[in-house]
Amino acid sequence: MTQNTPLSARLPRLPLHPGDVTQRVLSAAQLRARGVSAAQTSAQCLPGGPWQHLLPGVYLLHPGPPTGQERLHGALLYAGRPPVSARRGAAGPSDAGYGEAMVTGGAALALHGFASAGELGALHRIDVLVPRTRRLRSTRFVEVLRTASMPVPVRVGEVPVAPVERALADAVAAISDAADVRRLLTEAVRDGHCEPAAVVSELSEAKLLGRPAVVGAVDALLAEGRAVTEARLYAMVREYGLPEPVWNVELRLPGGPGLGGVDAYWPDHAVAVELDSRAPRHAVHGVSGRRGGRVQEDPQWAACAAKREHLERLGITVVHLTPRKLREALDQQATVVRTALMAAADREPAAYVMVLPR
């Protein structure tokens with residue numbers, strides 16, 4: 001070739017595959033690793049050229065508009081590039097180039113399968129989580145969120161994505177409409193993406209629980225979580241052939257004080273099931289999580305423990321079930337309840353208690 005040969009014709013042959021987004025969007029470091037110089041890259045991105053400058057240091061290797069997946073990959077390449085002091089020789093031809101960066105917020109929820117998050121290609125911005133020490137600026141469609149507590153990412157395909165709870169908190173932080181917040185939080189629990197306790201804890205740590213758009217949404221979240229957990233308990237009793245209990249009752253000593261409510265009770269066996277709805281409330285009332293503070297005693301937990309001890313002194317077996325156990329190991333929890341019912345014949349008769357609707 002001569003100096004009159006067009007620059008684009010002198011490009012090294014790039015292994016571009018139309019179906020592979022990682023070959024359609026490349027960083028400057030990845031292009032250099034493939035033998036493409038900065039001058040060649042700039043020439044390809046001239047007006048009317050075959051490439052585009054998608055983000056600082058990130059290039060789209062076709063002339064059309066970027067797809068949602070291309071924008072996502074480009075955002076991770078931009079946020080994941082190493083600091084200037086570490087860039088020389090940092091990327092190889094097969095290096096994904098994401099570093100510690102991960103997708104969070106609405107884009108992460110779309111990847112997790114949230115219908116209310118919308119389609120990935122329709123999102124106006126992509127939130128990317130990076131360590132606090134990074135000095136990156138948000139640009140174009142990329143919103144850079146710096147944090148001192150990077151979560152462990154989950155992989156959706158090859159994309160590093162923040163866990164659902166963290167992605168929810170980051171999404172909620174950018175939403176001012178209460179209906180939109182309620183929709184996201186309710187879907188998180190109703191569709192089994194996570195448990196209310198984890199969501200409320202993450203919102204608490206992000207200092208979002210006091211926001212007007214969040215307060216009512218958290219109440220709806222807890223109500224939805226309670227309904228989902230109760231439905232799992234009903235399904236467990238029927239699917240695993242357990243005797244039908246009386247549901248949602250108050251226990252009381254004849255002529256004496258109330259003993260508290262239980263979610264299911266078998267009077268002939270003196271066995272009660274209590275669902276743990278304490279954890280989300282525990283978080284709502286401000287007990288500190290991983291981001292600071294000393295964990296204090298939870299008065300609600302202390303009251304639940306005292307009630308359980310009182311019932312057991314009366315000869316009533318209390319089976320404590322958590323939403324997570326019912327979601328992840330329904331068969332094991334059915335075995336626990338069945339064992340308690342079978343053991344009733346070997347115990348001393350329990351004290352007589354009144355069973356009242358609650």
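# Close-up views of a predicted model

View 1. D263 counts as buried, at 4% relative accessibility; buried means under 20% relative accessible area, exposed over 50%, and partly exposed in between (1.4 Å probe, protein chains only). The model is predicted: local features need pLDDT of at least 70, side-chain atom pairs count only at pLDDT 80 or more, and totals for chains, interfaces and linings use all residues. Residues are numbered from 1 along each chain as its sequence is written, and side-chain values use heavy atoms, with hydrogens and water left out. D263 forms a salt bridge with R358, their closest N and O atoms lying 3.3 Å apart. This pair links distant parts of the chain: D263 sits in strand β10, R358 in the segment after β13, 95 residues away. A salt bridge here is a side-chain nitrogen of Lys or Arg within 4 Å of a carboxyl oxygen of Asp or Glu. Helices (H or I, at least four residues) and strands (E, at least two) are DSSP runs, numbered from the N terminus.

**View 2. The chain as a whole.** The secondary structure comes to 13 helices and 13 strands. Of the 358 residues, 45% count as buried. The chain exposes about 18100 Å², and carbon and sulfur atoms supply 53% of that area. Accessible areas come from the Shrake-Rupley method with a 1.4 Å probe; for residues, only the protein chains shown count as cover.

**View 3. An open sheet of five strands.** The order is β12-β11-β10-β9-β13, with mixed pairing. β12 (317-321) and β13 stand at the edges with a single partner strand each, so one side of each has no neighbour in the sheet. From one strand to the next, the twist averages 45°. Two strands pair if DSSP finds at least two bridges between them. Strands β9 (residues 246-252) and β10 (residues 258-266) pair in the antiparallel sense over six bridges. E250 has G261 in β10 as its bridge partner. Helix α9 (residues 212-239) packs on this sheet, touching β9, β10, β11 (271-275) and β12, and its direction makes about 105° with that of β9. Helix α13 (residues 330-342) also packs on the sheet, touching β10, β11 and β12, and its direction makes about 175° with that of β12. Axes are lines fitted to C-alpha atoms, for helices over the stretch in contact, and angles run from 0 to 180 degrees between N-to-C directions.

View 4. R252 has its bridge partner, G258, in β10. Five residues lie between the strands of the hairpin, where G255 takes a positive phi near 70°. β9 is also joined to β13 by four bridges, and these two strands run antiparallel. Here V249 has P357 of β13 as its bridge partner. L356 lies in β13 (residues 354-357). L356 counts as partly exposed, at 30% relative accessibility. Y352, M354 and L356 make a nonpolar surface patch of about 290 Å². Patches are made of residues with over 30% relative accessible area and no salt bridge: like charges are joined within 9 Å, nonpolar side chains (Val, Leu, Ile, Met, Phe, Trp, Tyr) within 5 Å.

**View 5. Charged pairs on α9.** The chain's salt bridges number 15. One of them joins the side chains of E195 and R232 (3.7 Å, N to O). The two come from distant parts of the chain: E195 from the loop between α7 (178-190) and α8, R232 from helix α9, 37 residues apart. Both E195 and R232 are buried. E195, R232, R324, R327 and E328 are linked in a network of salt bridges. E230 forms a salt bridge with R226, with closest N and O atoms 3.0 Å apart. E230 and R226 are four residues apart in α9, so about one helical turn separates them. E230 is buried, at 17% relative accessible area. R226 is partly exposed, at 23%.

View 6. In α5 (residues 105-112), seven of eight residues are buried. They are G105, A107, A108, L109, A110, L111 and H112. G113 follows α5 with a positive phi near 100°. In α8 (residues 196-205), seven of ten residues are buried, among them V199, V200 and L203. K207 follows α8 with a positive phi near 60°.

**View 7. A buried proline in a loop.** P151 lies between β6 (142-147) and β7 (154-156). P151 is buried, at 16% relative accessible area. Leaving aside neighbours within four places in sequence, P151 contacts M102, L129, P163 and R166. The C-alpha atoms of P151 and P163 are 7.4 Å apart, with the two residues twelve apart along the chain.

Technical notes:
Contact means heavy atoms within 4.5 Å.
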